[in-house]
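Thanks for coming, everyone. Let me put the model on the screen, and then I'll walk you through it.

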Amino acid sequence: MSRFLWLIRRELWESRAVWVAPAICAAVIVGGVLIASILHGTVRLDSQDAANLAQVKAMTPAKIEAFTSLALGVIALPFFILVLFTQFLYALDSLYGDRRDRSILFWKSLPISDTESVLAKLTVAVLIFPLAALAAALVTQVIMFAICSIELPGMSVLAGHVWSPIVWAGSLLVMGYLYVASALWYLPLIGWALLASAWAPRSPFMWAALPPLALGLLELIVLRSSYVLHAVGERVGNASLFGRAFGMPHATGFTFAVKLDRDTLTIPRALTDMMRPAEFFSSPSLWIGVLIATGFVAAAIWVRRYRDANS
Amino acid sequence: MTTLIDARGLTKTYGTTRALDGASFKVETGRIVGLIGPNGAGKTTALKAVLGLAHCDGGTLEVLGLNPYRQRNELAARVSFIADVAVLPRWLRVQQAIDFVAGVHPRFRRELCDQFLVRTTIKRTSRVRELSKGMITQLHLALVMAIDAQLLVLDEPTLGLDILSRKQFYDSLLSDYMDAERTILVTTHQVEEVENILTDLVFIDRGRIVLDLPMEEVATTYAQLTVAPDRAEAARALKPLTERQLLGRHVFLYEGADFAALRGLGEVRQPSISDLFVAKMQGGVA
């Protein structure tokens with residue numbers, strides 16, 4: 001195993017949040033559904049349900065598949081939101097933690113360069129956290145659909161569409177795309193968190209939060225403009241990510257452009273149809289952000305290398 | 001014999017404090033060098049400079065022919081280092097520590113580490129936080145002794161340990177680690193515990209080297225004379241470094257004195273390192 005993989009492993013030994021957080025999220029979702037189904041009892045077919053079932057059977061395959069992929073998306077979303085927080089908190093604590101417990105003197109006594117150390121932590125934040133969440137989301141989706149198949153008699157009729165490999169592959173594709181897009185979009189925030197973590201004498205969160213805020217307020221007072229605050233807000237707000245990655249310019253927060261109106265159900269057949277990779281990956285602001293992130297990470301490596309280990 | 005560390009005129013200032021003030025010393029292969037000084041004398045700063053963890057404001061420093069600050073990555077593969085007991089991460093398991101060091105260090109020999117750990121009561125599944133201070137030091141020592149390093153640097157390695165663990169620590173170091181190819185640089189302010197293992201003595205006080213001597217020369221250079229009160233005046237005439245009274249007798253410490261003349265006055269013996277240390281530090285004050 002290469003040295004870099006050992007560094008990744010060491011991060012996973014230390015930061016169990018990588019898999020514990022998505023595991024808890026999965027347990028809450030599955031547990032919640034199980035408890036609800038126990039309280040309600042098994043669904044039985046009465047005349048009303050029979051009518052509903054007839055309605056369901058009459059649905060076009062396209063509509064069933066659209067419902068399925070929407071349901072998959074709804075299950076996957078909490079994991080995505082969770083990762084945004086856990087990966088940022090992880091980055092914020094990673095380099096600072098080594099200094100807090102003085103273990104940095106142990107790590108530095110081994111032939112590991114500071115570049116490798118910082119890049120390992122960056123890799124865990126932007127790659128391993130999303131991968132773990134993606135895996136947990138997939139497992140949760142399977143369990144949830146299995147529960148529904150057992151609990152809802154009508155589901156068996158639809159099994160061919162509900163378990164359609166194409167639908168599931170599409171859902172996985174959307175999730176993967178979203179994680180890649182968000183990793184790139186939020187890279188400057190992760191890089192900034194690493195830099196604050198490498199630098200902060202104490203409380204890396206304050207060191208991460210206060211300078212941009214102070215700079216923004218200063219600009220507001222002195223220049224009476226708000227470019228800094230606007231730029232930071234644009235980057236932090238997930239609306240701009242979803243807007244760019246999924247072609248939803250007016251999306252606010254996590255509101256999908258989906259209307260769950262009983263009569264006018266306008267959801268795309270597959271969420272994959274909403275992906276806008278060409279626009280997203282050719283957006284200059286994305287790559288400017290990546291460039292700035294590179295600068296932050298380089299600075300974090302420099303600070304880790306030259307900062308006095310005891311202070 | 002080759003020179004492993006060559007430090008010349010090192011200076012380092014933290015704010016208004018001069019941690020190193022023109023410190024020069026050399027460490028040769030196969031030696032066990034004790035860098036000894038009171039708290040705040042610059043010991044740790046000197047070690048950090050040697051390890052490439054701190055940059056000196058002035059002077060030149062070569063370790064294994066490298067500039068430790070610029071070439072720290074190359075140096076790290078050839079130099080081992082134990083700071084005090086608090087630096088092993090508390091969440092790490094013993095087995096993980098061994099696996100990790102084995103994974104990243106090209107000169108680590110796992111079987112040596114295992115041999116050493118078998119003799120201890122440390123469990124492989126324990127986390128560092130569950131171990132006693134003595135056990136953590138044993139673990140760290142086991143990891144470091146299994147690394148075939150040219151230079152081992154120890155910074156107050158037995159700080160906060162009980163006397164049994166301290167003795168064990170140095171015994172293991174001598175019997176299981178040290179050989180003609182290996183070199184140890186150790187700092188401590190507990191002089192007594194390293195007295196019998198050192199080959200060279202370096203005293204540091206307020207950033208300056210006040211003594212740099214092979215142990216075998218201590219006996220030929222320094223002498224401690226104990227005389228009855230009526231001979232005290234004669235003893236003083238021979239210009240001792242220090243004088244103190246002990247149970248009604250006068251004890252003097254001499255540097256480079258005429259040993260025959262001293263023997264005529266009273267009982268002469270080699271001073272202990274701690275007596276020498278006290279004498280040298282007082283000399284700095286005067």
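Start with contact: two residues are in contact if their C-beta atoms, placed from the backbone, lie within 7 Å. Domain bounds here come from an automatic or database domain assignment. Now the ground rules. This is a predicted model, where local features need pLDDT of at least 70, side-chain atom pairs count only at pLDDT 80 or more, and totals for chains, interfaces and linings use all residues. Residues are numbered from 1 along each chain as its sequence is written, and chains are lettered from A and ligands numbered from 1 in the order in which they are written.

Chain B, then. The assignment gives domain 1 (3-206) and domain 2 (218-285) of chain B. Their centres, taken over C-alpha atoms, are 34 Å apart. How many residues of each domain are in contact with the other? Nine from domain 1 of chain B and eight from domain 2 of chain B. On the domain 1 side, helix H7 (191-194) and strand S8 (200-205) of chain B each give two or more residues. S8(B) gives the most, with three residues. A word on terms: helices (H or I, at least four residues) and strands (E, at least two) are DSSP runs, numbered from the N terminus. That domain 1 side divides into five nonpolar, no polar and four charged residues. Nonpolar covers Ala, Val, Leu, Ile, Met, Phe, Trp, Tyr, Cys and Pro; charged covers Asp, Glu, Lys and Arg; the others, Gly among them, are polar.

Next, a sheet in chain B. Four strands form an open antiparallel sheet, in the order S11-S12-S10-S13. Strands pair if DSSP finds at least two bridges between them. At the edges are strand S11 (242-246) and strand S13 (267-269) of chain B, each pairing on one side only. Three bridges join strand S10 (residues 222-227) of chain B to S13(B). Look for B:Gln224, which stands opposite B:Arg269 in S13(B).

Over to chain A. It has 14 helices and two strands. Of its 311 residues, 32% count as buried. Buried means 20 or more other C-beta atoms within 10 Å of the residue's own; exposed means 12 or fewer; partly exposed is in between; and C-beta atoms are placed from the backbone.

How do the chains meet? The contact takes 19 residues from chain A and 21 residues from chain B. Helix H1 (3-14) and helix H5 (104-107) of chain A each supply at least two residues of the chain A side. H1(A) has the largest share, five residues. By class, the chain A side has nine nonpolar, three polar and seven charged residues.

Now the core. A nonpolar core is a set of buried Ala, Val, Leu, Ile, Met, Phe, Trp, Tyr and Cys residues joined through C-beta atoms within 7 Å. The largest has 150 residues, and those with the most contacts inside it include A:Ile190 and B:Val153. Helix H6 (residues 114-151) of chain A gives the largest share, 12 residues. Both domains of chain B give residues to this core, so it lies between them. B:Val153 touches B:Leu47, B:Phe81 and B:Leu185, among others, not counting residues up to four places away in sequence.

A:Arg224 has a positive phi of about 55 degrees although it is not a glycine. Is A:Arg224 buried or exposed? Exposed, because it has 7 C-beta neighbours inside 10 Å. B:Glu156, also not a glycine, has a positive phi of about 45 degrees. With 18 C-beta neighbours inside 10 Å, B:Glu156 counts as partly exposed.
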